[in-house]
Amino acid sequence: MQASDIHFETTEFLDSSGKLLRPLPAMLSSRDQLVELYRVMVQTRVFDRAAINLQRTGEMGTYPSNEGQEAIGAGIGYAMQDDDVLVPYYRDIATQIQRGVLLEEILRYWGGDEWGMHFRHQAEDFPVSVPIATQACHAVGIGYAIRYRQQARAVVTTCGDGATSKGDFYESINIAGVMGLPVVFVVNNNRWAISVPLEKQTAAPTIAHKALAAGIDGYRVDGNDAVAMVQVMSDALQQARAHRRPSIVEALSYRLGDHTTADDANRYRPREELEAARALEPLIRYKAYLQAGHDWSDDDDESLYADCVAEARSAIEVYRAFPPQPAGEFFDYMYARPTADLEKQKQEWLTQVKRHG
Ligand SMILES: Cc1ncc(C[n+]2csc(CCOP(=O)(O)OP(=O)(O)O)c2C)c(N)n1
Ligand SMILES: [Mg+2]
């Protein structure tokens with residue numbers, strides 16, 4: 001038996017022209033619901049551009065673009081229930097918005113202030129993980145707590161295609177399978193891990209195949225299709241909540257931007273590949289679908305974009321008005337009580353800050 005003998009079907013609802021291929025899922029049966037999902041994607045696209053501009057003008061630190069990945073995040077957030085737990089990585093803005101994280105909090109974090117991870121309206125979701133794949137282990141721990149308390153909740157953790165090569169990822173899917181933990185591991189397969197293409201990342205035919213060794217469920221879905229994302233996520237979450245069946249959801253997409261504002265993808269990525277991916281991005285098809293099937297006009301679209309621009313601008317104003325984080329404060333929250341070693345590091349750091357400003 002060869003790995004390639006096993007086939008994971010890719011779930012699709014909207015083709016790249018916006019044609020609906022099968023009946024809508026129950027969760028998206030009204031025009032209002034469909035527009036709500038579109039709104040999150042537009043909000044994310046607009047906010048993302050504004051965040052990149054803030055970095056470019058020196059008002060914010062390094063930032064990872066979400067361009068092209070909006071349907072993945074929007075579908076995850078739409079399908080999650082309030083009391084599920086999100087353990088995100090750094091390309092999950094659409095999900096975080098739906099979970100109640102404020103745009104100014106996201107800016108504050110990427111501006112270098114960890115108070116941006118202290119969400120005002122979201123006490124139980126986790127902060128963004130920048131270390132690759134470590135969050136998969138945290139998700140498993142939370143899944144264990146949910147099982148221990150016998151709750152009908154699920155954990156969603158996200159990561160990239162590159163992250164699935166790490167031990168943390170394999171260990172986490174393994175233990176989730178062994179213990180029957182309610183965790184959905186969503187893999188944003190955007191085909192690149194900074195400059196490493198998917199072909200150099202794994203010999204597995206798909207990332208969904210990795211579920212087989214762990215004995216958990218595997219799904220493959222068009223990650224540029226927000227409707228398909230909602231359907232697959234709601235199935236996977238239902239299995240996790242009701243039957244403690246963990247799964248991997250491989251969402252196929254493409255990173256249209258640079259890896260972060262510190263990267264220049266033109267140095268390693270073929271231009272033709274990028275242009276081909278642009279035609280498949282999630283907003284084009286979704287808008288075409290709304291226009292053809294739900295009476296969505298250009299005026300509706302313009303006013304939605306205008307609302308989202310106004311919202312991003314006001315978040316930027318709030319961000320600019322935050323007081324700077326007190327120097328050295330980040331040492332204080334590593335543990336409930338700082339260790340002697342950390343205290344020493346803090347004092348050294350404060351001395352350097354004083355010396356260099
Ligand atoms: C443990 C660890 N190793 C290396 C890095 C540096 N790093 C940041 S992003 C990245 C690539 C991740 O690619 P992928 O998992 O495909 O996610 P994507 O950024 O494409 O969404 C690497 C190696 C890191 N942040 N953490
Ligand atoms: Mg990637």
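Visitor: Which residues of H4 meet which residues of H11?
Guide: Leu103, Glu104, Leu107 and Arg108 in H4 meet Glu311, Ala312, Ala315, Ile316, Val318 and Tyr319 in H11. Contact means heavy atoms within 4.5 Å. Helices (H or I, at least four residues) and strands (E, at least two) are DSSP runs, numbered from the N terminus. By class, this contact has seven nonpolar, no polar and three charged residues. Ala, Val, Leu, Ile, Met, Phe, Trp, Tyr, Cys and Pro count as nonpolar; Asp, Glu, Lys and Arg as charged; the others, Gly among them, as polar.

Visitor: What should I know about the model and its numbering?
Guide: The model is predicted: local features need pLDDT of at least 70, side-chain atom pairs count only at pLDDT 80 or more, and totals for chains, interfaces and linings use all residues. Residues are numbered from 1 along each chain as its sequence is written, chains are lettered from A and ligands numbered from 1 in the order written, and side-chain values use heavy atoms, without hydrogens and water.

Visitor: How is the packing of two helices described?
Guide: By the angle between their axes and the distance between the axes. Axes are lines fitted to C-alpha atoms, for helices over the stretch in contact, and angles run from 0 to 180 degrees between N-to-C directions. H4 (residues 103–110) and H11 (residues 298–321) pack at about 50°, with axes 8 Å apart. They are therefore oblique to each other. Under 35 degrees counts as roughly parallel, over 145 as roughly antiparallel, 65 to 115 as roughly perpendicular, and the rest as oblique.

Visitor: What about H2 and H8?
Guide: H2 (residues 70–79) and H8 (residues 226–243) pack at about 40°, axes 8 Å apart. That makes H2 oblique to H8. Ala71, Ile72 and Tyr78 are among the H2 residues in the contact, and Met229, Val230 and Leu237 among those of H8. The classes are ten nonpolar, two polar and one charged.

Visitor: At what angle do H1 and H2 cross?
Guide: The axes of H1 (residues 31–56) and H2 cross at roughly 130° and come within 9 Å. H1 is thus oblique to H2. The H1 side of the contact includes Leu37, Val40 and Met41; the H2 side includes Glu70, Ala74 and Tyr78. Here the count is six nonpolar, three polar and three charged residues.

Visitor: Which protein donors does the magnesium ion (ligand 2) have?
Guide: Asp161 (OD), Asn190 (OD1) and Trp192 (O), lying 2.1 to 2.2 Å from the ion. Donors are N, O and S atoms within 2.8 Å of the metal (3.2 Å for Na, K and Ca); water is not among the atoms, so sites may look incomplete. The sequence spacing is D-x28-N-x1-W. Asp161 is in the loop between strand E3 (155–160) and helix H6 (167–179), while Trp192 is in strand E5 (residues 192–193), 31 residues apart.

Visitor: And the domains?
Guide: The assignment gives domain 1 (3–325) and domain 2 (327–357). Such bounds come from an automatic or database domain assignment. The C-alpha centres of domain 1 and domain 2 lie 34 Å apart.
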